[in-house]
Amino acid sequence: MTKAVIGYRDLFIAQVSVAINTVAGKYLLAYVPVYLYLGIRFFMTSVMLYALMRILGVFFVDVDHPTGRLTRRDWWLMAASSLCAGPLFNVLMMLGMKYTTATSAGIVMSTLPAMLALFSFWLLGEKLSVRKGIGLLLAILGVVILSLDSTPGKSDLGAGSLLGDFLVFLAVLPEAMYSVLLKLLNRRVTVMGAAVIINLFSTVFVLPMMIYGAFVVDYSTVPMTAWLLFPITWLASVGFYWLWARGLQVIPTSTAGLFGGIM
């Protein structure tokens, strides 16, 4: 397979991994607080990725890094990436899914390519063609139309809610920014090294609320199904952080955004 085909495959699997975590998270949040769930997932993902790094003999610093070591800029970029892909995206998505339907959330998430094109034009200098500009306007128009068909209260099986759709749309913004920040880290930090550090940063960000959640949850009410789902979410997170970053190394950011519709 060519590098482009491998990149497309990686991006596809990465978005399937996000879908798995979204559905599993919606189930798990019925039994555990959101920050406890996310904190455990971030930490275990970093542990599993680090173990995989050791097995494959991968280092943190990319061989093409201009200085051969991580700079202050690299650390700031990874901290910002972890904030976007970790707490911001996951909390907004989980909260949004509580108040809207999966169908509505999927439609709102389809604005990701447009947001990526806009952020790539703004921060990476990628060309924003007339076609992409029209797509951006259509995506925004689609969200507006969807909101007109939403109910102001909690969703049922047939309708979403304006609050839920809005929260999901807010989740799109940090996810798009995360992909742009990864591009800025390209050839500076290895894909797996960045994934380990980003998940560790995410763990630190939610640690205080994670500790609080660990003391307030009633573990006797958590069913065995939930315990079995936890390791599945860790594996899915490994798939996303590893494969999405690897795909972005060979696929333009604005093109990669199209794979957000797979979720």
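The helix that gives the most to the lining of the largest cavity is α3, with five residues. In this predicted model, α1 (3–28), α3 (72–99) and α9 each supply at least two residues of that lining. Helices here are DSSP runs (H or I, at least four residues), numbered from the N terminus. A cavity, on a 1 Å grid over the protein atoms alone, is a set of points where a 1.4 Å probe fits but cannot get out, and lining residues are those with an atom within 4 Å of a point. The largest cavity has a volume of about 150 Å³, a volume being the space filled by probe spheres set on the points, with grid points joined across faces, edges and corners. Its lining has 14 residues, and V18, R41, F89, N90 and F240 lie nearest the centre. By class, the lining of the largest cavity splits into seven nonpolar, five polar and two charged residues. For these classes, Ala, Val, Leu, Ile, Met, Phe, Trp, Tyr, Cys and Pro count as nonpolar, Asp, Glu, Lys and Arg as charged, and the others, Gly among them, as polar.

Residues are numbered from 1 along each chain as its sequence is written, and side-chain values use heavy atoms, with hydrogens and water left out. As this is a predicted model, local features need pLDDT of at least 70 and side-chain atom pairs count only at pLDDT 80 or more, while totals for chains, interfaces and linings use all residues.

The count comes to three cavities of 30 Å³ or more. In the second largest cavity there is about 110 Å³ of space, and L182, K183, L185, N186, V189, T190, V191, A194, A245, L248 and Q249 form the lining. Sorted by class, the lining of the second largest cavity holds seven nonpolar, three polar and one charged residues.

Then there is the open space. A pocket is an open set of points with protein on both sides within 12 Å along at least five of seven lines. The largest pocket holds about 240 Å³ of space, and its lining is made up of V58, D62, V63, D64, N186, R187, T190, V191, M192, W242, R246 and Q249. Helices α8 (191–216) and α9 (224–248) are the elements that give two or more residues to this lining. Five of the pocket's lining residues are nonpolar, three are polar and four are charged. One of the lining residues, R187, sits in the loop between α7 and α8. R187 has a positive phi of about 65 degrees, although it is not a glycine.

Next comes the helix packing. Two packed helices are described by the angle between their axes and the distance between the axes. Axes are lines fitted to C-alpha atoms, for helices over the stretch in contact, and angles run from 0 to 180 degrees between N-to-C directions. Helix α7 (residues 162–185) packs against α9 at about 60 degrees, with the axes 10 Å apart. That angle makes α7 oblique to α9 (under 35 degrees counts as roughly parallel, over 145 as roughly antiparallel, 65 to 115 as roughly perpendicular and the rest as oblique). The crossing of α7 and α9 is right-handed, where right-handed has the near helix turned clockwise from the far one by less than a right angle, and left-handed has it turned anticlockwise. Y178, S179, L182 and K183 in α7 meet F240, Y241, W244, A245 and L248 in α9, contact being heavy atoms within 4.5 Å. That contact has seven nonpolar, one polar and one charged residues.

Helix α3 has packing partners too. Against α7, α3 lies at an angle of about 160 degrees, with the axes 8 Å apart; the two are therefore roughly antiparallel. Their crossing is left-handed, and the contact has 23 nonpolar, three polar and three charged residues. With α8, the axes come within 8 Å and cross at roughly 65 degrees, and this crossing is right-handed. On the α3 side are W75, M78, A79, S81, S82, L83, G86 and P87, which meet A194, I197, I198, F201, S202, F205 and V206 in α8. The contact of α3 with α8 has 11 nonpolar, four polar and no charged residues.
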